[in-house]
Amino acid sequence: MTASLGLGTYRVRAVEQAARTACADGTVWIDTAPNYSDAHRLLGPVIASHPRAMVATKTGFFTRSEGEDAVRDGLLTSGQAAGGHSLHPAFTRWQTNRSLAVLGRADLVFVHNPERAHLDGADLRERMRDVFAVLEEFATAGRIGGYGVATWSGFQHGAFTVPELLGLAKEAAGSGEHHLRAIQQPVSLVMARPIALALDGRGPLVQARAAGLISFGSAPLHGGELPALVTPELAEFIRPGASPATACLLAAASCPSLDVVLLSASTAQHWNAAKEAIASPLDPGQLRKVTDVLAQG
């Protein structure tokens, strides 16, 4: 089973049109964040006109302008704002309220790269539990559908595990009835460890699937850099006749236990070509051969 295609809005040009193209498919995930340039500001009207679209935003990173607003409102000091990232619970509440006002709704709010808090061990877990508690308030009040963790390296470097996140969510909710709903991490031929682990029935994607969480794979083309690194021979090995970009996306979308692969597709042509590319996923045996080639390489 292949992952479904979702729209990532980081560095997407003409984000309104890109979102309308994706939303034309009906139920589709749109993933954004307050620090994704103008995406937040521009997506609201598109979301309002497409009620079947599923919306994921984030809390943690912020733009310079939002940081200045947070300082003015007493949420951050000037020094804290200079860092561009905060997981202080009061800031989480303030930023999530702002995001809801701009977007109109959110099915998920991801805690964005909590490893950036530069906290270790018990301190990081305590901070994440406190942030989860704030998001539990939003979810219990029906203001968001749930929350998750979007990380670049947290799983890879052992900052936390899926079972630990589930435990923190239970603590934040005060019971087993929590609203932790999803995880997000890079899945690509560059960040291939999640694929290798999932093929072996291990790792965060498999753990998330077992716990009923939605798993999102970000950066399948590694910020657009990956296709230039893939040789025509490797692309042909992945799928005969595939371009490097198509082969890279197909490999990520074929990862076992991955539910949604997020692609920053700026044009309708790009989006439709991506849908066609992942419609027939690689079987696990072929995907394992691909990861073996990469491991040798």
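Reply: In this predicted model, the lining of the largest pocket divides by class into 16 nonpolar, 16 polar and five charged residues. That lining comprises 37 residues, and Tyr10, Ala219, His222, Gly223 and Ser264 are those nearest the pocket centre. The space in the largest pocket is about 980 Å³.

Me: Which elements supply at least two residues each to the lining of the largest pocket, and which supplies the largest share?

Reply: Helix H12 (244-253), strand S8 (260-263) and helix H13 (268-278) each supply at least two. The largest share, four residues, comes from H13.

Me: What is the volume of the second largest pocket, and which residues are closest to its centre?

Reply: The volume of the second largest pocket is about 300 Å³. Its lining has 21 residues, with Phe155, Gln156, Arg193, Leu197 and Pro204 closest to the centre. By class, eleven of the lining residues are nonpolar, nine are polar and one is charged. Strand S6, helix H8 (193-199) and helix H9 (203-211) each contribute at least two residues to this lining.

Me: Why is Ala219 called partly exposed?

Reply: The relative accessibility of Ala219 is 21%. Buried means under 20% and exposed means over 50%, so Ala219, at 21%, counts as partly exposed. Ala219 lies in the loop between strand S7 (214-218) and helix H10 (226-229). Although Ala219 is not a glycine, its phi is positive, at about 50 degrees.

Me: Why does Ser257 count as buried?

Reply: Ser257 has a relative accessibility of 16%. The limit for buried is under 20%, and Ser257 therefore counts as buried. Ser257 sits in the loop between H12 and S8. Beyond its neighbours within four places in sequence, Ser257 is in contact with Leu205, Val206, Arg209 and Ser215. Ser257 is not a glycine either, yet its phi is positive, at about 70 degrees.

Me: What makes Thr9 buried?

Reply: The relative accessible area of Thr9 is 2%. Since buried means under 20%, Thr9 is buried. Thr9 belongs to the loop between strand S1 (4-8) and helix H1 (15-23). Residues up to four places away in sequence aside, Thr9 touches Val15, Ile30, Asp31, Thr32, Tyr36, Ala39, Leu43 and Ser264.

Me: How do you know that the side chain of Thr9 makes a polar contact with the backbone oxygen of Asp31?

Reply: The side chain of Thr9 reaches that backbone oxygen of Asp31 at 2.8 Å. The limit for a polar contact is within 3.5 Å, so the distance of 2.8 Å meets it.

Me: Which residues of helix H2 are buried, and what do they pack against?

Reply: In H2 (residues 39-48), the buried residues are Ala39, His40, Leu43, Gly44, Val46 and Ile47. They pack against H1, strand S2 (29-31), strand S3 (54-59) and H5. Ala39 and Leu43 are also among the residues that Thr9 touches.

Me: How do you know that the length of helix H6 agrees with its number of residues?

Reply: H6 (residues 121-140) has 20 residues, which at 1.5 Å a residue should span 28 Å. The expected span is 1.5 Å times one less than the number of residues. The end C-alpha atoms of H6 are 28 Å apart, so the two values agree. Gly142, which follows H6, has a positive phi near 80 degrees.

Me: Which residues of H6 are buried, and what covers them?

Reply: Leu124, Met128, Val131, Phe132, Val134, Leu135, Glu136, Phe138 and Ala139 are the buried residues of H6. Their cover includes helix H5 (89-103), strand S4 (108-112), strand S5 (147-150), helix H7 (162-173) and strand S6 (180-186).

Me: Why is Val71 called partly exposed?

Reply: Val71 has 28% relative accessibility. Val71 is located in helix H3 (residues 64-72). Apart from residues up to four places away in sequence, Val71 touches Leu76, Thr77, Ser78 and Ala81.

Terms used. Residues numbered from 1 in each chain as written. Heavy atoms only, no water. Buried < 20%, exposed > 50% of the residue type's maximum accessible area, 1.4 Å probe, protein only. Polar contact = N/O pair within 3.5 Å; in protein donor to acceptor, adjacent residues only side chain to side chain. Contact = heavy atoms within 4.5 Å. 1 Å grid on protein atoms, 1.4 Å probe; cavity = no way out; pocket = protein on both sides within 12 Å on 5 of 7 lines; lining within 4 Å. Points joined across faces, edges and corners; volume = space filled by probe spheres on them. Nonpolar A, V, L, I, M, F, W, Y, C, P; charged D, E, K, R; others polar.
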